[in-house]
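User: I want to go through the labels on this one and hear what each rests on. Show me the model, then I'll start asking.

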Amino acid sequence: MGILLAILALSFLIIIHELGHFLVAKAFNVKVNEFSLFMGPKIFSFVRGETTYSLRLIPLGGYVKMEGEEEASDDDRAFNKKPIGARAAIIAAGPIMNIIIAVLFAFAIMAYSGFYTNEVKAVLPGSAGEKAGIQVGDVLEKYNGKNIYQVNDLEIFAYPLTNESIDLQIRRNGESKTISFKPDRMSGYKLGFSPKAENGSESNVVANVSDKSPAMKAGVKDGDRIVKLNGTPVNSRQDIAEALEKIKLNNVTITVNRNGKDIELTPVVPMQGKNPEYYAIGVDFNHTKSGIFATLGQAVKYNISIARSIYYSIGWLFTGTVPASELMGPVGITTTIKDVVQQGPSVMDKLINLLSFTAMISLNLGLVNLIPFPALDGSKLVLLLVEGIRKKPLSPEREALISMIGFVFLIMLMIYATFNDILRIGRG
């Protein structure tokens with residue numbers, strides 16, 4: 001069921017993307033010869049009006065084939081006969097549709113579940129944040145000069161840190177001030193469960209257990225409250241992280257409170273996350289629900305935050321901060337969506353998880369397509385800009401050649417990413 005939902009989610013995003021191209025092309029009276037979902041050999045098709053609608057075999061995308069897009073055409077309704085502005089609008093419409101869907105999905109999730117603000121709700125005793133003087137009620141504004149749109153930004157900004165100090169700008173009583181300090185180095189060791197939120201903070205109660213995780217092998221169940229690790233009391237997710245940092249990859253005995261009774265489970269070895277360590281300032285934030293406009297504003301900010309992290313991640317791939325082995329292809333994305341959906345303990349939680357991950361993939365699809373790389377929409381926009389400057393277009397045949405070269409590279413990249421997916425599944 002999870003795999004089916006994942007395939008449907010990806011297909012929906014592709015349809016939305018191509019529908020953007022299609023609808024704006026129709027709005028500018030461009031003749032559309034084919035609207036295709038996926039690539040490769042045709043599985044089936046039907047004709048309605050002047051357009052052939054088809055489903056193809058390889059789930060790597062889709063396309064809208066317009067008259068005069070890849071070859072010169074004398075048809076008055078051909079793509080190449082339209083003004084530069086109209087052609088740019090048609091090309092940009094696909095990515096923009098994906099970005100709009102991402103914002104709408106985020107709005108729906110936040111309208112139902114609420115959202116975290118940048119206002120500090122609690123400062124963890126003994127944490128770097130407490131030592132630096134952060135107080136309850138402070139509003140976090142900037143991290144090393146970068147705007148903090150959502151509290152998720154803190155994790156992204158901390159990803160490349162190597163034990164250096166940070167500059168944190170906060171607002172207190174209407175005045176902004178900057179404090180410098182070193183964040184706490186936290187453990188990358190995990191048991192493999194998602195914590196339940198209590199009073200707006202992540203607690204020691206298990207919301208769901210990941211498949212094949214140490215927690216599952218130990219016998220942890222959804223709803224358990226983890227009260228001890230190797231006999232050490234733990235009262236929050238922070239406590240669990242600190243205890244695992246001391247235990248590392250040694251046996252750990254998990255004690256849970258289940259139905260009012262403490263139960264000692266089978267000893268297991270924690271797993272190590274992608275990063276052996278990460279950095280945190282040690283604060284919790286207020287969680288709230290608000291009106292339509294405030295929630296929409298938060299949805300937009302959330303997507304700005306994710307957009308920034310996408311471009312950071314692409315840069316980190318080139319600098320080696322993120323290894324190329326982390327690239328994920330269709331198999332990995334589908335498997336991840338399936339796992340994310342299954343993590344929800346209730347039907348509504350599963351739906352929220354699906355919407356959340358689908359929104360992130362949609363934003364990725366929209367933004368990556370705007371990168372000026374051959375075969376992507378961004379490169380076509382650049383070619384239109386060049387055409388506007390030189391007052392003369394490239395021939396459709398030359399544009400098609402450039403797109404083909406880029407397409408071959410993207411296929412090679414997709415094969416590499418899919419190979420990573422297979423290795424990743426094999427290790428799981």
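User: What makes Tyr53 partly exposed?

Analyst: Tyr53 has a relative accessible area of 22%. Buried means under 20%, exposed means over 50%, and partly exposed is what lies in between (1.4 Å probe, protein chains only). The value of 22% falls in that middle band, so Tyr53 gets the label.

User: What should I keep in mind about the numbers?

Analyst: This is a predicted model, so local features need pLDDT of at least 70 and side-chain atom pairs count only at pLDDT 80 or more, while totals for chains, interfaces and linings use all residues. Residues are numbered from 1 along each chain as its sequence is written, and side-chain values use heavy atoms, with hydrogens and water left out.

User: How many aromatic pairs are there, and what is the geometry of Phe22 and Phe35?

Analyst: The structure holds 7 aromatic pairs. Phe22 and Phe35 form one that is edge-to-face, at 5.4 Å centre to centre with 90° between the planes. The rule takes rings of Phe, Tyr and Trp (its six-membered ring) with centres within 6.5 Å, and calls planes under 30 degrees apart stacked, over 60 edge-to-face and the rest tilted.

User: Why are Phe46 and Tyr53 called stacked?

Analyst: Their centres are 5.3 Å apart and their planes 20° apart. That passes the distance test and the stacking angle, so the label holds. Phe46, at 40% relative accessibility, counts as partly exposed. Ring pairs link Phe22, Phe35, Phe46 and Tyr53 into a cluster.

User: How do you know that Arg77 and Glu50 form a salt bridge?

Analyst: The closest N and O atoms of Arg77 and Glu50 are 2.8 Å apart. A salt bridge needs a side-chain nitrogen of Lys or Arg within 4 Å of a carboxyl oxygen of Asp or Glu, so the pair qualifies. Arg77 is in the loop between strand S2 (51-66) and helix H2 (84-113), while Glu50 is in the loop between strand S1 (32-48) and S2, 27 residues apart. Arg77 is partly exposed at 24%, and Glu50 is partly exposed at 31%. The two also belong to a network of salt bridges with Lys26, and a search of the whole structure finds 9 salt bridges.

User: What about Arg258 and Asp224: how far apart are the closest N and O atoms, and are the residues buried or exposed?

Analyst: The closest N and O atoms in this salt bridge are 2.7 Å apart. Arg258 is in strand S13 (residues 254-258) and Asp224 in the loop between helix H5 (214-218) and strand S11 (225-229), 34 residues apart. Arg258 is buried, and so is Asp224.

User: What makes Lys289 a charge over the ring of Tyr112?

Analyst: Its charged end sits 5.9 Å from the ring centre of Tyr112. The rule asks for NZ of Lys or CZ of Arg within 6 Å of the centre and within 35 degrees of the ring normal, so 5.9 Å meets the distance part. Lys146 likewise lies over the face of Phe157, at 5.9 Å from the ring centre.

User: And why is Ser203 called buried?

Analyst: Its relative accessible area is 6%, so Ser203 falls under the buried limit. Ser203 lies in strand S10 (residues 201-209).

Notes:
Helices (H or I, at least four residues) and strands (E, at least two) are DSSP runs, numbered from the N terminus.
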